[in-house]
Every structure is written in structure tokens, then in C-alpha cells.
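Open the model in your viewer and keep the selection panel at hand. Two stops follow.

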Amino acid sequence: MAKSIEAKNLNVYYGKFLAVSNVNFTVAPNSVTAFIGPSGCGKSTVLRTINRMHEVIAGATVQGKVLLDGEDIYDDGIDPVAVRRTIGMVFQRPNPFPTMSIYDNVAAGLKLQSGRTRKADLDGVVEKSLRSANLWAEVKDRLSKPGAGLSGGQQQRLCIARAIAVQPDVLLMDEPCSALDPISTMAIEDLIRQLKKDYTIVIVTHNMQQAARISERTAFFNLSATGQPGELVEMGETPKMFTTPTDKRTEDYISGAFG
Amino acid sequence: MTATLTAKPAPASHFAGPSGSRRFKNGLATVLVTAAFLVALIPLVWLLWTVISKGYHVVTSASWWTESQRGKTFESAGGGAWHAIVGTVEQVALCSIISVPIAILVGIYLVEYGRGAFAKVTTFTVDILTGIPSIVAALFIYALFISTFHGARAGWLVSLALVILMIPVIVRTTEEMLKLVPNELREASYALGVPKWKTIVKIVLPTAFTGIVTGVVLGIARVAGETAPLLILVGYSSNTNTDLFSNFQGSLPTLINDQFANLNHATGGTAYHLDANGNRVAGAVVNYAPDRMWGAALTLIAIILLLNVFARFIARFNKIAQ
Ligand SMILES: Nc1ncnc2c1ncn2[C@@H]1O[C@H](COP(=O)(O)OP(=O)(O)O)[C@@H](O)[C@H]1O
Ligand SMILES: [Mg+2]
């Protein structure tokens, strides 16, 4: 069940350092939203506040609200672990668990979250997740082999399979293709287009063609100077952002990056 | 179009070859590194060769592994190291049972949870423990259990003294190994909605498992040859005593020490011993102490080596199981 996301007045800190200030946006269910912007402007930071991965870092804090279908995930009584079960994440570098087989990597979330380990159920979830990640055909004969033995692109799809195996509502992806070759990148992009029907997807990307290819809406983050907090400059329909952005800074960035 | 080394560079190439001085430096560095390696290797091989060549024929006799030194003097043949093996294995085993869980938990605490003052104090304490000489650890246990509580000397007190020496070794290696586990794996696990403790138990520890096992073996190797705690806390007995909690107990280091004391007795005089029929017969004096000493040294090394192989086996098995 894909859900909507709404961020309200987000200020994100690393210790005393204000990394991102006053971010507001909404993301519709079953959509793909791209975060673009120069390095260090806080795209990853904002993304990680959406599933409370931010607070895993020592000293990191968040002010403001993130509403998931209207419910604030930063409310007092809410367990960050439960939030992360609902909002999955895929990282820049593929990071399959090195001690686990392909099968166990996909099953890891379910196995470790709770006692729900009936073998027959697991088999079904593993197959379904690998199929959704377009990896099943490539690995079905070697499920017991180590996940680390796959190619980079396959590893990243394995990580996506692992993330969707726990049936989240939202999938966050932080530059999932930046460590991959163009063919693997295309495979992941195809996958994202398919996953959209089941999940709400937010993706950080450095590649603006990629943002243009896969996303419905694009958010442009910027940084006025180093040491200053990053900010969300504007957010809109992707085609409009890439042709007629309202903000001068967006236009400069997009034309500079394309030219 | 064959080029020789002395020919001028072919004009077609845009690149000059490596300059003479760079080649020289490269060559020099290679020689130095190789030399350093050999220098480091020589004492190791030499030591092993000495111990093996002098101890080999001793440890290959069956009685070495089954008999004690009960009633043996340096002149009487036979007997074995069983009493010492029992003592060393028991003492080190008890020490490990206490140390390994504590040390691994401390290592986990320091890497995964430790923040703030308490962690700093713990790290500092472990640093200090690392530098404690074994005899000081022995005296501490002596002061506590024998002077204060009037306990009697026994093997388990040795184990306690060894705990003080073993814990910092295992804490340090556990810390190093846990730090080697990439943070990305912890994050991947958190992002699946796995709680922190489960991430540590199911993701971090298995990834670091091989290294931690190596650390445990290092810790055991570190304490198995310690002699000071033995001399102070349990003494030496040439009889087999399997009771860790009372009386003197033999051990490999004290067996070595005991034989060492007899090393320089003259040989070649006349000695009498009883033959199989109980008749007193004369023979030349043979000093068996050197043989036994090297035999015990080889046994100690062999036990540690065996442990190493065992650790590797566990590590391999662990990999295959996954
Ligand atoms: N773990 C961290 N500790 C302290 N500062 C951080 C940390 N991660 C990121 N930052 C800082 O936060 C700002 C935003 O970083 P990030 O979100 O990684 O940017 P982006 O993903 O857009 O490249 C940068 O100034 C960066 O130096
Ligand atoms: Mg980033």
C-alpha cells in the first residue's frame, strides 16, 4: 500500500551544524520523485530523515514533521524501527550482507524482524521479491550462493529485492545507479518504473537525464555557499522543471549541468 | 624494427621510460623490503627448528602423552608431560570461559554502543590492563585470595590471574574486527527495520566472526605460556592433579622451569637403577632434563598451533555453513 509523504518545516542538524533548513514538500502515493542538486546540498540528509535513518548517526537531530499518510513519524510514541519497516531504503553502493546467500539476503528483513520464518512463506516472498527486482531469472539456480558474488548491477537489484521483501509502503533510493554501468542503470530504471505501481518512490540522483526519464516530479536542492545550510529551492512536475523552471537558480543548475 | 635497451627511444613513442633514479629507488626499496622480511623470518624459523629438533624425539614417545613425572629425577628415564598438559589445559580453559564472553561483550560495547565518559574510562582501563605484567596480575590475585581470604594455592587462582591478561587482548582484537565491519551493513540492516541489538548479533558479529575467533586464539596463546602466575599461585607438582580447586598442579611452563633447574647436572658418572626384574644395575648417568624441557616447549607450541588450526577450521566451517 503506497503512501503519501509530507515534510513540514524540516531542519536537519549534524550536532550543531544545520545541514538543511526549512524543507517542505509533498509526495503523492505511487509516484516517483527525484531529488537533484549539487553535492553537499543535503539531498541524502533529507532522504534519510524520511525513514529516520538520519538519527542512526551520532549527534544527528531533526526538527519539524514528516507525515506518512498524515501520521507524523517523529511523534513521541513512534518507534523508529517500525518506521523503517514501512519505509525501505536502497543505498548508493550495493551492500548485500557478505555472510549471507542470495536467498538469505532477500529473506533477511523478514527473518530478523520477527519470528515470521515459515519456510514456505519465505520461499514465496523471496521468489516474489526477486521477480519484482527483475533478478529472479538470473539467480534462481544459485540462490544458495553468496550475494557478494553477483555483479554490481545484480547486487543493487538484490538490495532492492531485499528492501521490498519486507513490503514497505515507500522506497527511498540514494543514488542507486551511481556505482553502476549504463546497462545495469537501465535495468534499475526499468525496475523503478514498474515498482511505482506498488510503492511511493523517492530517488536522489546526480544524473538529470535519469531524473527526466523516470520521475514525475523533481525537487531541486541548493546551497548558497559552503557552510550554509542546504535548502529546497523548488519542486514541480519534472518536464516543467527541466524546461521552464520558475527559479533562476534551478535554471542555472539545469542548463549548466546539461551544457 | 627491434629495439635494444641501449638504443635511443623510438621517436614514435610519446613516453619516456622510467628515469634511472626512479629505477634505482624502486630496486633499492625492493631489496630493503625483501631483506626486512628475511630478517623477520630468520628468528622464527630458527626458533621453531631448535624446539622441534630438540623436542621431537621426546614427544613422539607414547609415555610422554600418558604419564606424569611422578617419582622421576633428572637421571631416571621415562615419564611424561600428562600432568603438565592437564594443568595447562584446565587452567587456560577456565580462564577462557571467564574471559572470552566478558571481553567480547566489552568489545561490542565499545564499538557499537560506547559513547561518553563511561566508554572513555573503559577504553583507558583496557589500555592499562594491556600493559600489566603477568607477575603483577599474579600478585594481585595472591593478595586478594591468599593474603586477604586465606585461601590455598590452587590452579583456579592461576586462571583468574590469566583472565586479567587475556581480557585486554581479546577486547582489542574484537574492537578492531568490529570496526572493520562496514557501517553500510549496519545501515542496510537498520533500513530493513531490524533493531540494533539484532543487527549486531545477526549481521555485525557473523561478519567479524573469523577475526574475533583469531583474537580469542591470540589471547589464549598470550596466556598459555605465562609462568609467573603459576609459580606464585599454584607451584608445581610432578604428579597428575586434575583438581583445579585444590593442591599444587603441574603445567607446561613450570615443567619447563623444573627441568631447566636440572639442566647442568654432570653426566657420565655411574648411576644405579632397577631393571625389569628388580635387580640393581649400574649405568652411566644420563641427564634427561634437557630432553624433557624441549619436549615440554614443543608440546606447548603444538597445543597453541593446534588451537590455531582449530580456529581456522571453525572459521572455514562458519563460511561454508553460510
Ligand atoms: N555524518 C555526517 N556528519 C556530519 N556532517 C555530515 C554528515 N553527512 C553529511 N554531512 C554534511 O551535511 C551536508 C549535506 O550532506 P549530504 O546530505 O550528504 O549532501 P548530498 O547528498 O546532497 O551530497 C554536507 O555539508 C555534509 O558535509
Ligand atoms: Mg548524497
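How many nonpolar, polar and charged residues does the shell around ligand 1 have? Select ligand 1 and look: 6 nonpolar, 5 polar and 1 charged. (Ala, Val, Leu, Ile, Met, Phe, Trp, Tyr, Cys and Pro count as nonpolar, Asp, Glu, Lys and Arg as charged, and the others, Gly among them, as polar.)

This is a predicted model, where local features need pLDDT of at least 70, side-chain atom pairs count only at pLDDT 80 or more, and totals for chains, interfaces and linings use all residues. Residues are numbered from 1 along each chain as its sequence is written, chains are lettered from A and ligands numbered from 1 in written order, and side-chain values use heavy atoms, without hydrogens or water.

**Stop one: ligand 1**

Show the surrounding residues, among them A:Phe17, A:Pro38, A:Lys43 and A:Ile57; each has a heavy atom within 4 Å of the ligand. α1(A) gives the largest share of the shell, 3 residues.

Now pick the polar contacts (N or O pairs within 3.5 Å):

- A:Tyr14: a polar side-chain atom, 3.3 Å from a ligand nitrogen.
- A:Gly40: a polar backbone atom, 2.7 Å from a ligand oxygen.
- A:Ser44: a polar side-chain atom, 2.6 Å from a ligand oxygen.

The protein covers 62% of the 560 Å² of accessible area that ligand 1 has on its own (Shrake-Rupley, 1.4 Å probe).

**Stop two: a helix pair in chain B**

Select α2 (residues 82–113) and α9 (residues 252–261) of chain B: their axes come within 7 Å and cross at roughly 140°. That makes α2(B) oblique to α9(B), as angles under 35 degrees count as roughly parallel, over 145 as roughly antiparallel, 65 to 115 as roughly perpendicular and the rest as oblique. Show B:His83, B:Ala84, B:Ile85 and B:Thr88 of α2(B) against B:Leu252, B:Pro253 and B:Leu255 of α9(B); contact means heavy atoms within 4.5 Å.

Technical notes. Axes fitted to C-alpha atoms, helices over the stretch in contact; angles between N-to-C directions. Helix = DSSP H or I, 4+ residues; strand = E, 2+ residues; numbered from the N terminus. Polar contact = N/O pair within 3.5 Å; in protein donor to acceptor, adjacent residues only side chain to side chain.
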